[in-house]
Amino acid sequence: MKNYLLVLGLALGLFNVSCEEQNTLPNGYVETTQDGAYTSVLKGYENPALGFTTCQPEGFNASFYIQDKSFCGSAYSFVSVSAHRLDDMAEVPANADWQPSAAVVPDGAYWVRYRDMQVYRFLKMRVMQIDGNAVTLEYVIATETVAITNENVNANAGYENVSVTGYEIPRLDDRYVYADHYVTVNGVERLNYALEWNPDMRHANWVAFSFDSTSSADVVKRTDAWAVDPKLPEDMWTMEEDHKSDGFDKGHLCASEDRVYSKKANEQTFYYSNMSPQLNDFNGGFWAKMEARVQIWGRSTVSGTSIRYMSPKVEP
């Protein structure tokens, strides 16, 4: 096997560069387990204050790093495997349970999936050494790529509800109730928005919706048509008397102004399930400014592109 010597200058701060350029190996030489493998040192295992670096493999547009003794990264997912050498990891595992993080363990081996704009790209990686705050890695960039589709990007592809693969909806939790709301525009039925209802908190865990060249249209006025959500069981309904004169505004999660492409679409935003009690200063201040920004982004889709949005998740 090849041995690699990486001699680097001192780097201060956090730089968006390749792994080899920003990290130094603890003893200069390490033995790799596959020809052409890269070696890298990630810092931040014990405490980021003692030193912190990221790894951005060649050709990838984002980095992964160590947080709470786990590998993670906003565009990355991971799966642990039982191999001891990279040349034993011949193929990306089929039907892998990809996770947003993976614990850093001595001699651990991992497949790493990176989400690019249109494809998934892959690394195979193993932990060579853990030395205090530094973790030495060996990795190989796989030549295989997989096209991104609703079926492989969405954790809910196996559900009977077709709509759960329409947006990048979070993995559904069977403890809660999923409610999807449709409208018909120009003879075509389309998903207006969807939510996951938490009956214990009597509040949505999240609300998800999309802007595209149809839903970004601004052709109707606000309806103020407050109503119960017909997709929820009656014993889970919230209504006007639940919040009447309690000092809170009825703050939209999917804003009324987000859905002004049809009268029915706007009326659905006034379901009480799409409401979150908010102090007036917040609802008319920070929240209103955030909604306006989302609408600016959303209405930039008139050219035919799309943008998806999800309200902040409420933790049960």
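**Close-up views of a predicted chain**

**View 1. Salt bridge between D87 and R85.** D87 pairs with R85 in a salt bridge, with 3.0 Å between the closest N and O atoms. A salt bridge here is a side-chain nitrogen of Lys or Arg within 4 Å of a carboxyl oxygen of Asp or Glu. This is a predicted model: local features need pLDDT of at least 70, side-chain atom pairs count only at pLDDT 80 or more, and totals for chains, interfaces and linings use all residues. Residues are numbered from 1 along each chain as its sequence is written, and side-chain values use heavy atoms, with hydrogens and water left out. D87 is partly exposed, at a relative accessible area of 34%. R85 is also partly exposed, at 30%. Buried means under 20% relative accessible area, exposed over 50%, and partly exposed in between (1.4 Å probe, protein chains only). The structure holds nine salt bridges.

**View 2. Salt bridge between D180 and K231.** The closest N and O atoms of D180 and K231 lie 2.8 Å apart in this salt bridge. D180 lies in strand β11 and K231 in the loop between β13 (203-211) and β14 (249-252), so the pair ties together parts that are 51 residues apart in sequence. Helices (H or I, at least four residues) and strands (E, at least two) are DSSP runs, numbered from the N terminus. D180 is buried, with a relative accessible area of 10%. K231 is partly exposed, at 40%.

**View 3. Salt bridge between R202 and D242.** The side chains of R202 and D242 form a salt bridge of 3.4 Å, N to O. The pair links distant parts of the chain, 40 residues apart. R202 sits in the loop between β12 and β13, and D242 in the loop between β13 and β14. R202 is partly exposed, with a relative accessible area of 37%. D242 counts as partly exposed too, at 36%.

View 4. E196 belongs to strand β12 (residues 188-198). E196 is buried, at 3% relative accessibility. Beyond its neighbours within four places in sequence, E196 contacts R171, L172, D173, Y176, V177, H203, A204, N205 and W206. Contact means heavy atoms within 4.5 Å.

**View 5. R171, a contact of E196.** R171 is in the loop between α2 and β11. R171 is exposed, with a relative accessible area of 55%. Residues up to four places away in sequence aside, R171 touches D97, A155, N156 and E196. The C-alpha atoms of R171 and N156 are 5.8 Å apart, and the two residues are 15 apart in sequence.

View 6. Y176 lies in the loop between α2 (150-153) and β11 (177-185). Y176 is buried, with a relative accessible area of 11%. The side chains of Y176 and R175 are joined by a polar contact of 3.3 Å. A polar contact is a pair of N or O atoms within 3.5 Å; within protein, one must be able to donate a hydrogen and the other to accept it, and residues adjacent in sequence count only if both atoms are side-chain atoms. Y176 and W197 are 21 residues apart along the chain, with C-alpha atoms separated by 5.7 Å.

**View 7. Side-chain contacts of N198.** N198 is placed in strand β12. N198 is buried, with a relative accessible area of 1%. The N198 side chain reaches the backbone nitrogen of M201 at 3.2 Å. The N198 side chain also makes a polar contact with the side chain of N205, at 3.3 Å.

**View 8. Nonpolar surface patch around F282.** F248, L279, F282 and F286 make a nonpolar surface patch of about 420 Å². Patches are made of residues with over 30% relative accessible area and no salt bridge: like charges are joined within 9 Å, nonpolar side chains (Val, Leu, Ile, Met, Phe, Trp, Tyr) within 5 Å. F282 is in helix α4 (residues 280-283). F282 is partly exposed, with a relative accessible area of 36%.

**View 9. Confidence along the chain.** The chain averages a pLDDT of 85, and 82% of the residues score at least 70. pLDDT is the predictor's confidence in each residue, from 0 to 100. Helix α3 (residues 263-268) has the highest confidence, at 98, and strand β1 (residues 3-5) the lowest, at a mean of 36. Over residues 1-18 pLDDT stays under 50.

Conventions
Accessible areas come from the Shrake-Rupley method with a 1.4 Å probe; for residues, only the protein chains shown count as cover.
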